[in-house]
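Subject: Structure handover

Hi,

Here is the structure I promised to pass on to you. Have a look at it first, and then read on for what I found in it.

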Amino acid sequence: MIAGAGTVPGLPGFASIPVLPKGKMTLRFKPYTLSLKHVFTIATSSRSTTPVVLTELEFNGVTGYGEASMPPYLGESHDSVMQFLSKVDLSRFSSPFDMENILHYVDQTAPGNKAAKAAVDIALHDLTGKLMQQPWHRIWGFDATKVPPTSFTIGIDTAEVVRQKVKEADEYHILKVKLGRDTDKMMISTIREVTDKPISVDVNQGWKDRQFALDMAHWLKEKGVVFIEQPMPKEQIDDNAWLTEHSPLPTIGDEAVQRLDDVLKAHKVYSGINIKLMKSTGMREAHKMLVLARALDMKVMVGCMTETSCAISAAAQLATMADWADLDGALLISNDVYKGTRVVKGNVVLSELPGIGIEKI
Ligand code: MG
């Protein structure tokens with residue numbers, strides 16, 4: 001049953017079939033700044049806030065929520081997202097269920113602007129899910145209890161801070177450790193003094209030499225590391241492919257894999273891909289990436305930026321089909337504005353609410 005729709009006579013055994021509702025969609029958006037609980041350092045930068053833009057898409061009195069998150073190194077900003085969204089005119093569409101056409105139009109509005117596009121896509125999915133009165137994981141036919149436990153991210157830091165963060169991450173089953181500077185072995189050895197739980201590492205393109213990367217992969221395997229994310233610069237395609245062929249650990253392309261057409265390019269270069277809504281332009285293309293990666297027998301990780309529970313809950317709908325989940329983005333901030341998908345003892349627990357499953361706090 002579609003909320004707010006009329007009905008027409010149905011097949012034998014069915015009382016009626018809902019009619020697709022028609023009306024006007026109104027897109028609203030506002031800038032917001034997330035405060036991070038800790039200064040966050042990766043191979044290429046440090047920061048303590050993340051700009052986001054929160055969107056609302058209203059149709060016949062039902063509102064879908066969306067979000068764009070713009071870590072500065074990706075090139076989008078409050079200004080660029082606000083500018084992009086002000087160009088989007090959804091009045092040309094009479095039904096939110098015209099999703100393929102709507103999102104094609106949004107994509108064609110301007111090149112790039114991937115987070116801004118995701119902010120429309122997520123709100124549209126939330127809206128249509130609410131109109132169908134079902135969460136998207138159920139619409140897609142995924143098992144909500146199958147989300148892998150989320151990793152908890154530990155940034156590059158001193159041994160003392162790393163030890164402290166490992167203690168804070170006590171309830172998580174897998175740690176994600178940022179590497180790529182000259183302290184890599186210190187970081188891992190420090191963690192191993194405190195815990196033997198599985199570790200994934202994210203090098204953020206920080207290793208430049210393939211033999212060095214392979215030596216590190218062997219050393220990391222001995223230390224109980226389970227995979228390596230974006231070991232070398234994405235431009236070093238041959239080196240990444242060589243590493244993947246020889247590495248005792250799976251490699252995952254992140255910076256190298258943004259949208260659907262990158263999945264084919266990543267085949268045989270990496271063992272798997274890291275899908276993030278802010279790279280893929282949202283849930284629709286992310287779903288296509290997941291299906292394609294599976295068809296190519298590649299591993300799939302669903303990741304995030306620092307985001308509110310809005311974008312995290314949207315990603316969690318897909319993460320039910322992933323090998324690994326990295327959905328700690330909302331746990332790293334102190335001023336979330338939604339509640340939805342929760343992390344309970346390191347496990348990702350989806351809400352049963354329709355759409356992306358969130359409510360305003
Ligand atoms: Mg990464």
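Gln133 has a relative accessible area of 44%, so it is partly exposed. Gln133 sits in the loop between α3 (114–132) and α4 (136–139), and its phi is near 60°, a positive value in a residue other than glycine. Please keep in mind that this is a predicted model.

Gln230 also has a positive phi, of about 35°, although it is not a glycine. Is Gln230 buried or exposed? With a relative accessible area of 0%, Gln230 is buried. You will find Gln230 in the loop between β9 and α8 (237–246).

Now to the metal site. Three residues coordinate the magnesium ion: Asp202 and Asp254, each through OD, and Glu229 through OE, at 2.1 to 2.2 Å. Along the sequence, these donors follow the spacing D-x26-E-x24-D. Glu229 and Asp254 link distant parts of the chain, being 25 residues apart. Glu229 belongs to strand β9 (residues 225–229), while Asp254 is in the loop between β10 (251–253) and α9 (260–266). Where do these two stand on accessibility? Glu229 has 0% relative accessibility and therefore counts as buried. Asp254, at 3% relative accessibility, counts as buried too.

On to the domains. The chain is divided into domain 1 (23–133) and domain 2 (138–360). Their C-alpha centres lie 22 Å apart. At the interface, 42 residues of domain 1 are in contact with 43 residues of domain 2. How much area do the two domains bury between them? The figure for domain 1 and domain 2 is about 3500 Å², with 60% of it on carbon and sulfur atoms.

In helix α5 (residues 159–168), the buried residues include Val162, Lys165 and Val166. Seen down the axis of α5, its buried residues fall within an arc of 105°, so they line one face of the helix. Glu160 and Lys167 are exposed, on the face of α5 turned away from its buried side. The cover over the buried residues of α5 includes strands β3 (25–41), β6 (151–154) and β7 (174–178), along with helix α6 (184–194).

In α6, the buried residues are Asp184, Met187, Ile188, Thr190 and Ile191. Down the axis of α6, its buried residues fall within an arc of 160°, so they line one face of that helix. Among the elements that cover the buried residues of α6 are α5, β6 and β7, as well as β8 (199–202) and α7 (210–222). The cover thus runs both ways, because α6 is part of what covers the one-sided buried face of α5.

At 12% relative accessibility, Thr195 counts as buried, since the cut-off for buried is under 20%. A polar atom of the Thr195 side chain lies 3.1 Å from the backbone nitrogen of Lys197. Leaving aside residues up to four places away in sequence, Thr195 touches Val166 and Leu175. Val166 is one of the buried residues of α5 mentioned above.

Ser91 is in the loop between α1 (78–87) and α2 (99–109). Its relative accessibility is 46%, so Ser91 counts as partly exposed. The side chain of Ser91 makes a polar contact with the side chain of Asp89, at 2.6 Å. Ser91 and Leu27 are 64 residues apart along the chain, and their C-alpha atoms are separated by 9.5 Å.

What about Ser280: buried or exposed? At 0% relative accessibility, Ser280 counts as buried. Ser280 is in helix α10 (residues 277–280). Ser280 and Leu260 are 20 residues apart in sequence, and 7.2 Å apart in space from C-alpha to C-alpha. Not counting residues up to four places away in sequence, Ser280 touches Gln258, Arg259, Glu285, Ala286 and Met289.

Notes: Residues are numbered from 1 along each chain as its sequence is written. This is a predicted model: local features need pLDDT of at least 70, side-chain atom pairs count only at pLDDT 80 or more; totals for chains, interfaces and linings use all residues. Side-chain values use heavy atoms; hydrogens and water are left out. Donors are N, O and S atoms within 2.8 Å of the metal (3.2 Å for Na, K and Ca); water is not among the atoms, so sites may look incomplete. Helices (H or I, at least four residues) and strands (E, at least two) are DSSP runs, numbered from the N terminus. Buried means under 20% relative accessible area, exposed over 50%, partly exposed in between (1.4 Å probe, protein chains only). A polar contact is a pair of N or O atoms within 3.5 Å; within protein, one must be able to donate a hydrogen and the other to accept it, and residues adjacent in sequence count only if both atoms are side-chain atoms. The arc is that of the directions from the helix axis to the C-beta atoms. Contact means heavy atoms within 4.5 Å. Domain bounds come from an automatic or database domain assignment. Buried area is the accessible area (1.4 Å probe) that two parts lose on being put together, summed over both.
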